[in-house]
Amino acid sequence: MMYKYSVIIPVYNAEKTLHRCIDSLVSQNYSAAEIILINDGSKDQSGKICREYASKHDCIKYIEQANAGVSAARNAGLDAASGEFVTFVDSDDYVSEDYFEMLDSSDADFTIYAYTTIRNDGVQKHHLSRYLKNAETSRKVIYHVVADRLPAPWGKKYRRSIIEVNHIRFKPELIIGEDFIFGLEYMLCCKSSQVIDRQLYCVDETGTESITRAARYDLSQFTRMYRYAFDIAEHCAWPQKEKDQLIQLLDYLYCRTAFARTEYCLREKNEAGKKIAYLISSFQKNYHPNIQPLNR
C-alpha cells in the first residue's frame, strides 16, 4: 500500500504513556498513514505493547533494536518509511483528533504547527509567533523557526523525498542539538512552507523517563552542534544576503546559549571551573565578531 504519511515513534521505557500515544493515531481511522514504532532497547513492557499493536493493525511497523539512542531510533524509522511525508511523535506525547485532517490541508515541503504542553502545574496552549504567521516567503518562515528556537522534530511535517535525495539523517554522534541540526539541514533544502497555528500536538512534560526529555549539558557536544550549524548555513543554496542573515542569527543564538550553559555550570558547581574554562575557550574560537542585534 502507498502511504501518504509515515509517523515515526522512537520508544524507550514508555509503558506508562505508549497506549495513549498510539491510540491517538490509530483511533482516527486514517488509512493513508503508517505508524513506525522503534523500540530502542526498552527494559519495561514497551516492546510487548508495540508487538500487540502491530499484530492488530496492518498500518503499524515494529522495529526492535539494541539501545542506541533517539537519533539512531529515528534514523531506523526513516530507513523503514515509505510515505510521501514524514512526521515524528514522541512516545510520551500524543496528537489531536484532527491531526491527519489538518496535515492534509498543506502540501508544502515544510509544515509547522502549534502544540500544547502538559506540566504538573497545568496545561498550556502554545501559539506560533506572529513573525512565523506573517512571514511572506518560505525562507522567512525558516528564519523565524530558527529564531523562535523550535528545534524538535515533532510539530512539523517533512517531505520524505527531500530527506532521501539530500541524504539527511539525525547524527547519533551528537547528544545535544541532533534535532536542531536535522531540522536546519532539511529546511534549507525546502522550496515551500506553511504555518498551521492550531495545537495538533500535545507534549507531556510530567514524566522524565523518555529518551527525548533528559537535560543534557555536555559543552563539547554543544560546541560541536554549532559547528555543524554554521557549516550547513554557509554551504546552503540561499542568496548571499539571506545566508548572511541566517549566519548572523546563529551567532546570536550561539551567544545566548553559551551564557545560559555558563550559568548552568556555575549553578551546578560540579567541576564548574573546568567546564567554564572549556566553554570560554571554545566560544572565543567559534564566535563570529560581526554579531548584531536581531531586527525582526
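Analyst: A contact here means heavy atoms within 4.5 Å of each other, and on that basis residues 24 or more positions apart account for 80% of the contacts in the chain with a separation of 6 or more. The model is a predicted one, in which local features need pLDDT of at least 70 and side-chain atom pairs count only at pLDDT 80 or more, while totals for chains, interfaces and linings use all residues. Residues are numbered from 1 along each chain as its sequence is written, and side-chain values use heavy atoms, with hydrogens and water left out.

User: What makes the pair of Asp-204 and Arg-20 a salt bridge?

Analyst: The term requires a side-chain nitrogen of Lys or Arg within 4 Å of a carboxyl oxygen of Asp or Glu. The closest N and O atoms of Asp-204 and Arg-20 are 2.7 Å apart, so the pair meets that definition. Asp-204 belongs to strand β9 (residues 193–204) and Arg-20 to helix α1 (residues 18–26), which means that the bridge ties together parts 184 residues apart in sequence. A search of the whole structure finds 15 salt bridges.

User: How do you know what counts as a helix or a strand in this chain?

Analyst: Both are DSSP runs, numbered from the N terminus, with helices being H or I over at least four residues and strands being E over at least two. The chain has eleven helices and nine strands.

User: Why is Asp-204 called buried?

Analyst: Buried means under 20% relative accessible area, exposed means over 50%, and partly exposed covers what lies in between, with a 1.4 Å probe and protein chains only. The relative accessible area of Asp-204 is 7%, so the residue is buried. Over the chain of 296 residues, buried ones make up 53%.

User: What makes Glu-64 and Arg-51 a salt bridge, and where in the chain do the two lie?

Analyst: In the salt bridge of Glu-64 with Arg-51, the closest N and O atoms are 3.0 Å apart. Glu-64 is in strand β3 (residues 60–65) and Arg-51 in helix α2 (residues 46–56), 13 residues apart, and the pair links distant parts of the chain. Glu-64, at 52% relative accessible area, is exposed, whereas Arg-51, at 42%, counts as partly exposed.

User: How do you know that the buried residues of α2 line one face of the helix?

Analyst: The buried residues of α2 are Ser-46, Gly-47, Ile-49, Cys-50 and Tyr-53. Seen down the axis of α2, they fall within an arc of 160 degrees, so they line one face, the arc being that of the directions from the helix axis to the C-beta atoms. The face turned away from the buried side carries the exposed residues Ser-55 and Lys-56. The cover over the buried residues of α2 includes β1 (5–11), α1, β2 (33–40) and β3.

User: What makes Arg-159 and Glu-84 a salt bridge, and which residues are linked with them in a network?

Analyst: The side chains of Arg-159 and Glu-84 meet at 3.3 Å, N to O, in a salt bridge. Arg-159 lies in strand β8 (residues 156–159) and Glu-84 in the loop between α3 (70–80) and β4 (85–88), so the bridge ties together parts 75 residues apart in sequence. Glu-84, Asp-107, Asp-109 and Arg-159 are linked in a network of salt bridges.

User: Why is Arg-159 called buried, and which residues is Arg-159 in contact with?

Analyst: Arg-159 has a relative accessible area of 14% and is therefore buried, while Glu-84, at 36%, counts as partly exposed. Leaving aside neighbours within four places in sequence, Arg-159 is in contact with Glu-84, Phe-85, Asp-107, Ala-108, Asp-109 and Tyr-186.
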